[in-house]
Amino acid sequence: MDVETTPAPPLWLTLPPGFTAVDLDEDLGDRMARTASTLDSVFPDVRPEQKLGAVIAAETALQAQLREGVAHVASCLVRAEDGEPIHGMLAVFVRPEELDPRDSYPARVAEDLAEAWPDADVGVVELPVGRAALAARELAVPVPGAVRGVPEPSVSTVRQLELLIPHPWSPHVVAAVFTTEDIDYWSEWLPLLATAFRGISFHPPRDESLDDLPPEQWDNIRKAFG
């Protein structure tokens with residue numbers, strides 16, 4: 001079997017409130033204007049400099065994901081406990097990869113990531129779709145000049161969490177990558193991300209809703225990284 005030419009399997013996402021799908025084909029200027037409009041409607045009291053920062057952060061993260069061939073992107077805009085609007089981007093990739101032996105894939109990948117990224121928080125978590133490797137780290141990403149309305153590109157520091165899930169019957173890995181410039185609010189992001197990751201499925205959604213489990217039974221991300 002040629003892994004590279006095997007069609008990508010279907011994937012379903014059930015995202016929590018605050019996550020909104022992004023049109024990847026939309027014009028950059030139109031998309032940034034739409035993000036600003038959303039900020040105005042959700043956070044009417046937001047300061048102009050906060051709005052500008054959130055819009056730039058959103059497009060910075062999206063541009064980085066587009067360069068990597070992203071399949072799905074959702075913007076997350078929520079209010080932190082102190083009232084500040086905070087923003088992040090969730091990108092999902094479906095990448096062809098040889099997985100065998102499939103059962104040990106998450107542990108093997110976690111070991112490789114820990115070696116490759118010594119400053120990252122790395123582990124293996126249990127999700128409804130199975131075991132997955134998880135890594136969180138800070139990194140610098142390039143910002144195209146057009147995003148800030150200047151001729152020269154710049155660099156932004158973000159915190160990124162990457163979840164790698166082996167597909168159970170196809171030679172593909174689902175990579176869910178969350179990126180935010182609001183690093184100081186990382187502890188508030190984790191419960192939202194745990195909910196989002198639980199919403200990844202390889203089967204069509206059923207009519208009934210997800211079980212209403214207590215946090216100690218599903219929040220593996222917070223357990224892994226505090």
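Visitor: What are the ground rules here?
Guide: Residues are numbered from 1 along each chain as its sequence is written, and side-chain values use heavy atoms, with hydrogens and water left out. The model is predicted, local features need pLDDT of at least 70, side-chain atom pairs count only at pLDDT 80 or more, and totals for chains, interfaces and linings use all residues.

Visitor: Why is the pair of Phe 178 and Trp 189 called tilted?
Guide: Rings of Phe, Tyr and Trp (its six-membered ring) pair if their centres lie within 6.5 Å. Planes under 30 degrees apart count as stacked, over 60 as edge-to-face, and the rest as tilted. The centres of Phe 178 and Trp 189 are 4.9 Å apart and the planes stand at 55 degrees, so the pair is tilted.

Visitor: Which parts of the chain does that pair link?
Guide: Phe 178 is in strand S8 (residues 172-180), and Trp 189 is in helix H5 (residues 186-198), 11 residues apart. Helices (H or I, at least four residues) and strands (E, at least two) are DSSP runs, numbered from the N terminus.

Visitor: How many aromatic pairs does the structure hold?
Guide: It holds 3 aromatic pairs. One of them joins Phe 178 and Trp 186, at 6.4 Å centre to centre and 40 degrees between the planes, which is again tilted. Phe 178, Trp 186 and Trp 189 form one aromatic cluster.

Visitor: Why do you call Trp 186 buried?
Guide: Buried means under 20% relative accessible area, exposed over 50%, partly exposed in between (1.4 Å probe, protein chains only). Trp 186 has 11%, so it is buried. Phe 178 has 0%, so Phe 178 is buried. Trp 189 also has 0%, so Trp 189 is buried.

Visitor: And why is Glu 181 partly exposed?
Guide: Its relative accessibility is 27%, so it counts as partly exposed. Glu 181 is in the loop between S8 and H5. Its contacts (heavy atoms within 4.5 Å) beyond four places in sequence include His 87, Ser 156 and Val 158.

Visitor: What makes Arg 159 a charge over a ring?
Guide: The test is NZ of Lys or CZ of Arg within 6 Å of the ring centre and within 35 degrees of the ring normal. The charged end of Arg 159 sits over the ring of Trp 186, 4.9 Å from its centre. Arg 95 lies over the face of Phe 93, at 4.5 Å from the ring centre.

Visitor: What makes a nonpolar core, and which residues touch the most other members of the largest one?
Guide: A nonpolar core is a set of buried Ala, Val, Leu, Ile, Met, Phe, Trp, Tyr and Cys residues joined through side-chain atoms within 4.5 Å. The largest has 28 residues, and those touching the most other members include Leu 161, Trp 186 and Trp 189. H5 gives the most to this core, with 6 residues. A second, separate core of 19 residues includes Val 22 and Phe 93.

Visitor: How do you know where confidence is lowest?
Guide: pLDDT is the predictor's confidence in each residue, from 0 to 100. Helix H6 (residues 215-218) has the lowest mean, 43, while H3 has the highest, 96. The chain mean is 80, and 76% of its residues reach 70 or more. Over residues 213-226 pLDDT stays under 50. Where pLDDT is low, the predicted coordinates should not be read in detail.
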